[in-house]
Amino acid sequence: MFGDYSLGDLGAIFAMQGFAGLILFSVYVLMALGLAIIFGQMGVINMAHGEFMILGAYMTYLCSAFFQTYLPALFPAYFFLAMILAFCASGALGMLVEWALIRHLYKRPLDTLLATWGLSLILQQAYRSIFGAREVGVELPSWLIGSVQVTDSIEIPINGLFVMAVTTLITVGVALLIYRSRFGQQVRAVMANRPMAGAVGIDTEKIDRYTFGLGCGIAGVAGSAFTMIGSTGPTSGQLYIVDTFLIVVFGGAASLLGTIASAFSISQTQSTLEFFLSGSMAKVLTLLAVVGILMLRPQGLFTLKVRR
Amino acid sequence: MDRGLRSPLRRKLLMGLAAAPALSLLPRTAFAAGPATSAVSTTGLAVTDTEVTCGILHSITGTMAISETGAQQAEKLAIAQINEAGGILGRKIKIIQEDGASDWPTFAEKAKKLLVNDKCAAVMGCWTSASRKAVLPVFEQYNGLLYYPTFYEGLEQSKNVFYTGQEATQQILAGLDWVHKEKGGDTFFFVGSDYIWPRTSNKIARKHVENVLKGKVVGEEYFPLGHTQFNSVINKIKLTKPKVIFTDVVGGSNVAFYKQLKASGIDLSKQVLLTISVTEDEIDGIGGDNIAGAYSCMKYFQSIENENNKKFVADFKKMWGEKTVIGDVTQAAYLGPYLWKMACEKAGSFDVDKVVAASPDLEFKGAPEGYVRIDPNHHLWSKTRVGKAKTDGQFEIVYTSPELIKPDPFPKGYQ
Amino acid sequence: MKNPVQTLTKSVTVNDNPFMKPIEWLSLAVLALVLLVVLPSLLDAFRLNLVGKYLTYAFVALGLVICWGYAGILSLGQGCFFGLGGYCMAMYLKLEASSVENTKIQSTPGIPDFMDWNQITALPWFWKPFQSLPLTLILVVAVPVLFAFVISAALFKRRVGGTYFAIITQAIAAILTILIVGQQGYTGGINGITDLRTLHGWDIRTDGAHTILYFVNGGLLIGCILIAQFVKKSKLGRILVAMRDKEDRVRFSGYSVAGFKVFAFCLAAAFAAIGGAMFTLQVGFMSPSFVGIVPSIEMVIYAAVGGRMSLFGAVWGTLLVNWAKTSFSESFPDLWLFGLGALFIAVVLAFPNGLAGIWREHVEPRLTRRVKGLRAPPPAIVPHGAPAE
């Protein structure tokens, strides 16, 4: 298929394709990070993860509308505020949900799946009642639109770079929080051994609530960032849920590094296959490969060496 | 929604109560607005001296609710207008609305309920092909009447269905001819969602490009419904450098595709993009900035200049709010109740067989799109228009086919 | 907090009774009476057909009781098996509906219409077996069971379980949906296989046929309940429960845990497949929307509402949820998702043993007390009631 093109063209395409893969990688990491905390660290199957993301997206939408009407001068910068708001809104809702629902179910992980599925239905309908059944268009500040011209033929989308930056920032932040802070130490202690953590004086209930809130908050930021590349509607969250879970499971649930590695391998496979095959087949083959590898290596790519 | 009439027994009782005084106590002249019920309904449809029942069957919940909202609003508007003007054959239209919930068996179930339990004289509804395919056997078995508003892939013709949208050749061919002639389009890249409508449409488009326009299709790609990552295909487009990108991506994927296309630096004021899946409704979600410059091929745009359309747009906004927009399917849905009314009046009856017999060659001059005619094959003759998307979410119409185009659901040479 | 599921388990495992206890026979008799006598005489043909459709989901719920309630394997991919069974049936019916006379207008008469639209000129090999009815009836069960076997053997041998298994089955449901939708020339794509007319020359679209199919469906369902009851009461059933609660102990006792799990999963798949085939017959089409994740999870909720440990509960749960769904969506189309979501949460939080749990904890003790009170003094403790269904 490449016979007809010049070497320069091909080089440029491969460079851009590489970036496409990296952007997809960032998107996947951002999607999966919140879930990796909730599912990987806490063992809660949060089927409403997509809806938390969409809450972030709707917050961004509201923010953009607000700035357009009342503070047009500050519009170019609204996106940063929107992401913070998205984090707060999703995080607060997450903590509420943890308090009302999840904390009763820590001993029954499969039941969290059903309960959060019910929650996702309720949230979807709530979005539909509040924002209408149609997708909403989020106005972006102009500096986020368009592409960077690297050479004559290589162009890199700015919003892709932005997503990559946000992903890096949040990943580093989460890693520091979990592995370097006192809070993270307590989180890991609670996850490793709840009664023992309680015994040494850690308020496990509080830790649970904050951890869940943190996971949901990151989902909200992801949703906010995705308004640049995807759609915002009541059911948009459903588009992400299967991919997200597979990434976390494939990475080995208890490991942040695993999640990143798995997002990298899945995104590269998919974006390469998409380039050489048709889109539908690429998706099927990627998913099949993931399931196939999981059958051979069910613990995922990375696992913590833990005695069970 | 009338909850009280759900049980068949209660329904019969109530209808009996309603009919009793009319038959015995009051003089017939009190209801002289239209012909006698026994004359206009002989097959047991839900027609009383004052009312006729019409079903509306769209998804109010689920993934398709996004698209079907407009259609459902237009149907309600048309029915309200008809009722204000005296109804059909002197009878007001009573609406029974059911939710298909974006789930095809639910559509079949609700269609059956509307026909068997509620005895609707006609049903306005369905949006996706899958939902139509699911209800079609029901309508044929119980001899119902369905007005289907969406542009679709063709390859179907049923006695019990009127298709008020375009079939594929009507929508695509004139648009391709235009892009070939005006924009010098000779190489095409097809991008679609992976299901029957895009695949059939692209098949027809490919035949037309290769056999009639003597052009070349340099790529054809399909993505699962709901796919949100298009960077790889955009790179392929950049590599193959087609004159025209031809798209039929639907739903949430649509939004993702145009946002990413815009971000990748493809400038739609230079690169020709022809789509058959973007109406004003979709632009709402995509954002006008992201798609400005693209050409869309439809039979109706909200910006059409004529008296019918001005009134339609004003009425629609009055009923559903200033901010609503009107897309191709919304307008096609608006035609349904009017075409039904005209057919009933011509037939002098609500009986499905008579309405169907009276329908061919009916002309509706009040259509917002201008003027339409029902073909004997139950599709509409209509014009094809090409609109250029503007940043405000409206289209500037750049081409209108000079004549009405004949519907051809089973096109020879395109299969 | 005391785990209610485990409390229940205790009462099941200590049970050493014959095949069915009197109260179970009574439950079965009541169910049969309602399904085969009461409902058909009360409902019109349309509503009866609807109940028939709901009951096809009850097959899936029944399978889930065995595989989730008893063996502890939660599958979020039961829609795959329901769909495969349904597709097998639909392929036979479609071939019969696409006789050469019926398809004269096509460029290749005698093949299904959607193949003709996709320029396929000969029947693909995997459609050929479906020209014969006996072979189809075998394949309806064999194909999904084989599929289930391949999935589960690979996963359980490697000790994948719990949440991982649930998520992998979910991914498989997603893959299968994309495949079916993408290969529209062979599968009918997103529209599914529609416009099915006759079964071996017998028109399945008439009200009369629907009624007969309803009774066949009801009969099969009761048959499946009996099979499930047999499994549950046999040694096998007790191993399943033991495995769910302490897998390692069962393994160390020398049992092949994987083998038992595979069996339970395949049995659930077989039930789902029968349900799918009956669905196709009664509704008249099959589409990929049953294969996906959403219907699969909904089917889990039927079992959960009925009570994940109760075979009869599964049937009642299915009927209740679907009835609620239909009447909710007829009366408040805008709000029914709130109701459904609330139901999910309520079942998990407040009634983890579903309808069966409510019955067992509140109704049955009273009944038992009253019955026994006539004969003997009440027993000392009936905290969770008898282990009956």
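A residue is buried if 20 or more other C-beta atoms lie within 10 Å of its own, exposed if 12 or fewer, and partly exposed in between, with C-beta atoms placed from the backbone. This is a predicted model: local features need pLDDT of at least 70, side-chain atom pairs count only at pLDDT 80 or more, and totals for chains, interfaces and linings use all residues. Residues are numbered from 1 along each chain as its sequence is written, while chains are lettered from A and ligands numbered from 1 in the order in which they are written.

**Exercise 1. Burial and phi in chain B**

Task: classify Ala101(B) and Asp361(B) as buried or exposed, and give the phi of each.

Solution. 
- Start with the background: most residues other than glycine have a negative phi.
- Locate Ala101(B): the loop between β2 (92-99) and α4 of chain B holds this residue. Helices (H or I, at least four residues) and strands (E, at least two) are DSSP runs, numbered from the N terminus.
- Count for Ala101(B): there are 24 C-beta neighbours inside 10 Å, so the residue is buried.
- Read its phi: Ala101(B) is not a glycine, yet phi is positive, about 55°.
- Locate Asp361(B): this residue sits in the loop between α14 (352-358) and β11 of chain B.
- Count for Asp361(B): 11 C-beta neighbours lie inside 10 Å, so the residue is exposed.
- Read its phi: Asp361(B), also not a glycine, has a positive value of about 70°.

**Exercise 2. The surroundings of Lys110(B)**

Task: state which helix holds Lys110(B) and which residues it contacts beyond four places in sequence.

Solution. 
- The helix is α4 (residues 104-117) of chain B.
- Lys110(B) has 28 C-beta neighbours inside 10 Å and therefore counts as buried.
- Apply the contact test: the C-beta atoms of two residues, placed from the backbone, must lie within 7 Å.
- With neighbours within four places in sequence left aside, the contacts of Lys110(B) are Leu57(B), Glu98(B) and Gly100(B).

**Exercise 3. A sheet in chain B**

Task: give the strand order of the three-strand open sheet and name its edge strands.

Solution. 
- The order is β11-β12-β13 (chain B), with antiparallel pairing.
- The edges are β11 (363-364) and β13 (380-381) of chain B, as each pairs on one side only. Two strands pair if DSSP finds at least two bridges between them.
- Check one pair: β12 (residues 372-374) of chain B and β13(B) are joined by two bridges in the antiparallel sense.
- Find the facing residues: Arg373(B) is opposite Trp381(B) in β13(B).

**Exercise 4. The fold of chain B as a whole**

Task: what are the radius of gyration and the buried share of chain B?

Solution. 
- Chain B has 14 helices and 15 strands.
- Its radius of gyration is 22 Å, close to the 22 Å from the globule rule for 415 residues, so chain B is as compact as a globular protein of that length. The radius is taken over C-alpha atoms, and the rule is 2.2 Å times the number of residues to the power 0.38.
- The C-alpha trace spans about 80 × 40 × 40 Å along the principal axes of chain B.
- Buried residues make up 61% of the 415 in chain B.
- Of the chain B contacts with a separation of 6 or more, 71% link residues 24 or more positions apart.

**Exercise 5. Chain C: confidence and one helix**

Task: where in chain C does pLDDT stay under 50, and how many residues of α13(C) are buried?

Solution. 
- Take the average: chain C has a mean pLDDT (the predictor's confidence in each residue, from 0 to 100) of 84, and 90% of its residues reach 70 or more.
- The stretches include residues 1-15 of chain C, with 19 contacts beyond four places in sequence.
- Another is residues 377-389 of chain C, with 32 such contacts.
- Turn to α13 (residues 293-306) of chain C: its 14 residues reach 20 Å from first C-alpha to last, close to the 20 Å expected. The expected span is 1.5 Å times one less than the number of residues.
- In α13(C), 13 of the 14 residues are buried, so the helix is largely enclosed by the rest of the structure.
- Next comes Gly307(C), with a positive phi near 115°.

**Exercise 6. The contact between chains C and B**

Task: how many residues of chain C touch chain B, and how many of chain B do they meet?

Solution. 
- 28 residues of chain C are in contact with 33 of chain B.
- On the chain C side, α3 (45-70), α7 (162-182), α14 (311-331) and α15 (336-349) each give two or more residues.
- The model scores ipTM 0.84 and pTM 0.85.
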